[in-house]
Amino acid sequence: MSERKPLLEVDNVTLRFGGVVALDKVDFTLYEGEILGLIGPNGAGKTTCFNAMTGVYLPTEGDIRFQGKRVPGQKRNRITKMGIARTFQNIRLFPEMTALENVLVGADAHHQASVPSALLRLPRFWREERSAAERAQQLLDFVGITARSSDLARNLPYGDQRRLEIARALATNPTLLCLDEPAAGFNPAEKVALLELIRKIRDSGVTVLLIEHDMRLVMEVTDRIVVLEFGRKIAEGTPAEVRDNPKVIAAYLGVPDAA
């Protein structure tokens, strides 16, 4: 069996906001081709960790490396071009644009045509436009909403909006896709479909980092799990190892004072 290759390395990352320590020496490695869950109670620091990885926040201490390259200090568009894409807890689509147009926004991250080429509508510009439109349509099909391509994003059902946001993130051609609570608001059938989509994304060659509160989904879809509590890592391992870890049980369920 070949040795696993590190893709993302979070190295003792600390993030302070004044006197509040949002992340405290968080340390984990994400390997190519896996689905890693990042879980913890509300306020554990999960989304803050995502934000540090995607250029929203600059760590106070520690380092984050993606394919061996430092992430902190890079502009967000540069981080996207490096190969990191994400979705958000609160859906951030362009409501007055169609589903197809929303995905095309993601594709813009890798356009090579110059400004003069775009203004003058030169052949290279049109080639990129056609290629992006074909790719966007393929991604809508990939996430299962082909029939909605011409619908305005605001008119899509909630579940389809979630899928559209994933399609838009995939349009940036990421190596790593970070999903922030993608199952929020889903019914049981939609969660099963999402689980299948996440596996499909990984099978297509994209590594996945997943924040999710639905423990059944996390346990079924992930290869490994990292658990945060109050900004600190308290456990890491396979789903079975994490499920039976006393610290994790205490973090989610609480323990009597006498314990």
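## Burial, pairing and contacts

Thr-172 is buried, with a relative accessible area of 9%, where buried means under 20% relative accessible area, exposed means over 50% and partly exposed lies in between, for a 1.4 Å probe and protein chains only. This residue sits in the loop between helix 6 (158–170) and strand 7 (176–180), helices (H or I, at least four residues) and strands (E, at least two) being DSSP runs numbered from the N terminus. From that position the side chain of Thr-172 reaches the backbone oxygen of Ala-169 at 2.7 Å; a polar contact is a pair of N or O atoms within 3.5 Å, and within protein one atom must be able to donate a hydrogen and the other to accept it, with residues adjacent in sequence counted only if both atoms are side-chain atoms.

The model is predicted, so that local features need pLDDT of at least 70 and side-chain atom pairs count only at pLDDT 80 or more, whereas totals for chains, interfaces and linings use all residues. Residues are numbered from 1 along each chain as its sequence is written, and side-chain values use heavy atoms, with hydrogens and water left out.

Four strands form an open sheet in the order 2-1-4-5, with antiparallel pairing. Strand 2 (20–31) and strand 5 (69–70) stand at the edges with a single partner strand each, so one side of each is left without a neighbour in the sheet. Within this sheet, strand 1 (residues 6–17) and strand 4 (residues 61–66) run antiparallel and are joined by five bridges, two strands being taken as paired if DSSP finds at least two bridges between them. Leu-8 has Phe-66 of strand 4 as its bridge partner.

Strand 3 (residues 35–39) pairs in the parallel sense with strand 8 (residues 207–211) over four bridges, and four bridges also join strand 3 to strand 9 (residues 224–229), again in parallel. Leu-36 has Leu-209 as its bridge partner in strand 8, while Leu-38 stands opposite Val-226 in strand 9. In a regular strand the side chains alternate between the two faces of the sheet.

Just after helix 1, Gly-55 takes a positive phi of about 85 degrees.

**Aromatic pairs**

The whole structure holds two aromatic pairs, the criterion being that rings of Phe, Tyr and Trp (its six-membered ring) have centres within 6.5 Å, with planes under 30 degrees apart counted as stacked, over 60 as edge-to-face and the rest as tilted.

| Pair | Centre to centre | Angle between planes | Geometry |
|---|---|---|---|
| Phe-17 and Tyr-57 | 5.1 Å | 75 degrees | edge-to-face |
| Tyr-158 and Phe-186 | 6.3 Å | 85 degrees | edge-to-face |

Phe-17 lies in strand 1 and Tyr-57 in the loop between helix 1 and strand 4, so their pairing ties together parts that are 40 residues apart in sequence. Phe-17 is partly exposed at a relative accessible area of 39%, and Tyr-57 is partly exposed at 30%. The pair of Tyr-158, in helix 6, and Phe-186, in the loop between strand 7 and helix 7 (188–203), links parts of the chain 28 residues apart. Here Tyr-158 is partly exposed, with a relative accessible area of 37%, whereas Phe-186 is buried, with 10%.

**Salt bridges**

A salt bridge is a side-chain nitrogen of Lys or Arg within 4 Å of a carboxyl oxygen of Asp or Glu, and by this rule the count comes to 19. Glu-34 and Arg-224 meet in one of them at 2.7 Å, N to O; Glu-34 lies in the loop between strand 2 and strand 3 and Arg-224 in strand 9, 190 residues apart. Both of these residues are buried, and they belong to a network of salt bridges that also links Arg-4, Lys-233 and Glu-236.

Arg-202 forms a salt bridge with Asp-203, the closest N and O atoms being 3.3 Å apart, and another with Asp-223, at 3.0 Å. Asp-223 lies in the loop between helix 8 (215–221) and strand 9 and Arg-202 in helix 7, so this second pair ties together parts that are 21 residues apart in sequence. Asp-203 is exposed, with a relative accessible area of 61%, while Arg-202 is partly exposed at 21%.
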